[in-house]
Structure formats: structure tokens, C-alpha cells
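Trainee: I would like to learn how to read the features of a model such as this one, taking them one at a time. Could we begin with the pairing of charged side chains?

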Amino acid sequence: MAVGIKVFAPASVANVACGYDVLGFALEEPGDEIVITKVDKKGLRITKITGGKLPYDPLKNTAGFAALKVLEHLEYDGGLEMEIHKKMPFGSGLGSSAASAVAGAMAVNEVLNKPLTKQELLPFAVLGEQIADGAYHADNVAPSLLGGMVLIRDTQTLDFHKVYIPDGLYVVVIHPHIEILTKDSRGILKTEVSLADHIKQSANLAGLMLGMQNSNFELIKNSLEDIIIEPQRAHLIPHFYDIKNAALTNGALGCSISGAGPSIFALCDSTIIAENVAIQMEKVLLDQKISCTIYKSRINNEGAILC
Ligand code: HSE
């Protein structure tokens, strides 16, 4: 019997407060796993899905679609079987569909002995994720694939740049157990921004990039502010401002919605602060009898890996 290869692609935090649709970073966990095996029967088939209900038709599945796009590009006409093991929640704001798309693209590339680089896989993974929310953006896919924090300067050409990660930066992510569909969370956003808001938001994004580059935690702290998207989405997340307040008053550098929500992330400049911030953020939800999961890690610099 043929032996499959297994790929892991991590969750990610998109937007990072002031970088809506253009900035994201990878987490160490959770993430999705895909196993792919060469078989005689031609074509790509999804044979097993665990951890969630998803379509078995590769054309309707983010991992399957991304894999098909890679195979089409490589003009591969052999047979492959794919198993998808969802190890992260849907509609969580943690880039679940992006992780699947990344793992799908990477897994077929690995089983065919890596004809493409990770960078070359990016457009195929972005097309895969597009199946989920209908929008073309790479702020989850790029960090999940490439690791680290990634700025996508131009989404159409996928001109991306990895951002330097200062030593001592820790992430806390809290996932309240409610589901928000990215499509809905995008649908409520106004399509126009005032000039005053644009000036403030672009100054914050530039400040965040400089703060990261120069390990300037004070500048990172002052720049981690989203005055455009967060105020429009906060009402979707129960007790959002109380959770944010708990993070900031306990020493987090900044705190905002992870991607389209409901997860919330905080960046901290020490593990001790991160531990306490996690406890205080969780307490707000537990006091309200809302269950949640907490993730604490450094920014994951590797992205998707062969297991
Ligand atoms: N930038 C996207 C959003 C990430 O906030 O809608 C979610 O996929």
C-alpha cells in the first residue's frame, strides 16, 4: 500500500489591528493536517475528512481547489488521494480555510518532489481560500504558508514582504466559542473611509512596521490601533471591549480582533505578561459563562511544514 505524506499548515492572525487585508502572522498552533498519497487511478480525490463537515468535491473544497490549481499548473495527470484533518475551528478568525488551502497546495507539491517553491505556491493557495469567502486576499494564506509576519504590499500581484520579528514578542489569542462567517463579517463593512481615518490608519501601519523592524516596543504599542475596521466589527463579539481592556490594563502592547473574528489577539513583550494577559482575557468570558480556548505562543516563523 502506498504511504502518504503529511503536511501541517498553521493558523494565523490577519489584519494585526491596522493592516486590514494586507498584514498577518502565523501561530504555532492550532493548524490543519493533510495527508496525500499517490495512487494509480487518475485524478484528485478527497477520501477522508475529520474534524468538521466539508465538501468532498475538490472543486468546492479550499484544500482540494488549491491542490487542483497546483496540479493544473504542473500539468500533472496522475492519481492522488487526499485526507483532510481539520484541527482548528471554522469561523474562528484564525484563518481556518487559509490553513487548509495552504496545506492542500503544499501537500501535492511535496508528493511530487517539490517542483515549486513555497513562494510559487502562494497564488494557488490564495485561489483555494477564495472558495471560502469569495474574496481575494492573502493576509492569512501568506503567513500560514511562509511563516512569520507578512505584509502583502499588493494583493493582485501578491508582492509580499516578510517583516522582522523582534525577540521577546509573544502572542495571546482567545477564541470565544461562537462562529462568525468571514463573508458576513466582511459584508457589514463600509466601503468608504474618511481622509482623517485613512491618515491615522496608514500612519499606524507604517509605525507598526518600523517598530517591528527596530524592535521598538513603545512604537509597536502606540501603533497597534485599528480605528477603521474594529469599531465596525466589535459588536459581533460578546464583551469585546471588556476583553480588550483586560489585555491592555494588564500590560499587553496591543489587542484587537483576529481576522474577521470572533478570536481576539494580544501582543506582549514578555512571557510573564502574556501568561497574565491570557488569564485576565479568559476571566472576562468565563465570568459571562462563555467558553473559550486560549493559545499562547511566539510568532511561528516556519509556516507550513512537512510532518
Ligand atoms: N482580512 C480578512 C478580514 C481576514 O478581516 O476580513 C479574514 O479572512
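Mentor: Side chains of opposite charge can pair when their charged atoms come close. In this predicted model, lysine 86 forms a salt bridge with aspartate 32, and the closest N and O atoms of the two are 2.4 Å apart. Lysine 86 sits in the loop between β4 (79–85) and α2 (96–111), while aspartate 32 belongs to strand β2, so the pair ties together parts that are 54 residues apart in sequence.

Trainee: How many salt bridges does a search of the whole structure find?

Mentor: The search of the whole structure finds 11 salt bridges. Across the interface of domain 1 and domain 2 the rule finds one, and the side chains of aspartate 21 and arginine 186 meet in a salt bridge with an N to O distance of 2.7 Å.

Trainee: Which residues make up domain 1 and domain 2?

Mentor: Domain 1 is assigned residues 5–163 together with 302–306, whereas domain 2 is assigned residues 170–297. Their contact takes 29 residues from domain 1 and 34 residues from domain 2, and the centres of the two domains, taken over C-alpha atoms, are separated by 24 Å.

Trainee: How should I read the size of the interface, and how much area do domain 1 and domain 2 bury between them?

Mentor: The size of an interface is often given as the accessible area lost when the parts come together. Here domain 1 and domain 2 bury about 2400 Å² between them, with 67% of that area on carbon and sulfur atoms. Of the area that domain 1 buries against domain 2, 26% is supplied by Ala17, Cys18 and Tyr20, which is more than any other three residues supply.

Trainee: How many residue pairs are in polar contact between domain 1 and domain 2, and which strands supply the side of domain 1 that touches domain 2?

Mentor: Eight residue pairs, with both residues at pLDDT 80 or more, are counted in polar contact between domain 1 and domain 2. On the side of domain 1 that touches domain 2, β1 (5–14), β2 (23–39) and β5 (149–154) each supply at least two residues, and the largest share, six residues, comes from β2. The residues of that side of domain 1 divide into 18 nonpolar, seven polar and four charged.

Trainee: Which backbone features deserve a separate look?

Mentor: Most residues other than glycine have a negative phi, and most peptide bonds are trans. In this model the peptide bond from glutamate 29 to proline 30 is cis, with omega near 0°, and proline 30 is placed in strand β2. A cis peptide bond also joins glycine 261 and proline 262, with omega about 5°, and proline 262 is found in the loop between β8 (254–257) and β9 (264–268).

Trainee: What is the phi of asparagine 113, and where does asparagine 113 lie?

Mentor: Asparagine 113 has a phi near 65°, a positive value in a residue other than glycine, and asparagine 113 lies in the loop between α2 and α3 (118–133).

Trainee: Which residues does the UniProt annotation "domain: GHMP kinase N-terminal" cover?

Mentor: In the unreviewed UniProt entry, that annotation covers residues 66–148, over which the chain is 57% helix and 8% strand, with the end C-alpha atoms 21 Å apart.

Definitions and conventions: Residues numbered from 1 in each chain as written. Predicted model: local features only at pLDDT ≥ 70, side-chain atom pairs only at ≥ 80, totals over all residues. Heavy atoms only, no water. UniProt positions renumbered as here; feature names shortened; annotations may be inferred. Helix = DSSP H or I, 4+ residues; strand = E, 2+ residues; numbered from the N terminus. Domains from an automatic or database assignment. Contact = heavy atoms within 4.5 Å. Buried area = accessible area lost by both parts, 1.4 Å probe. Salt bridge = Lys/Arg side-chain N within 4 Å of Asp/Glu carboxyl O. Polar contact = N/O pair within 3.5 Å; in protein donor to acceptor, adjacent residues only side chain to side chain. Nonpolar A, V, L, I, M, F, W, Y, C, P; charged D, E, K, R; others polar.
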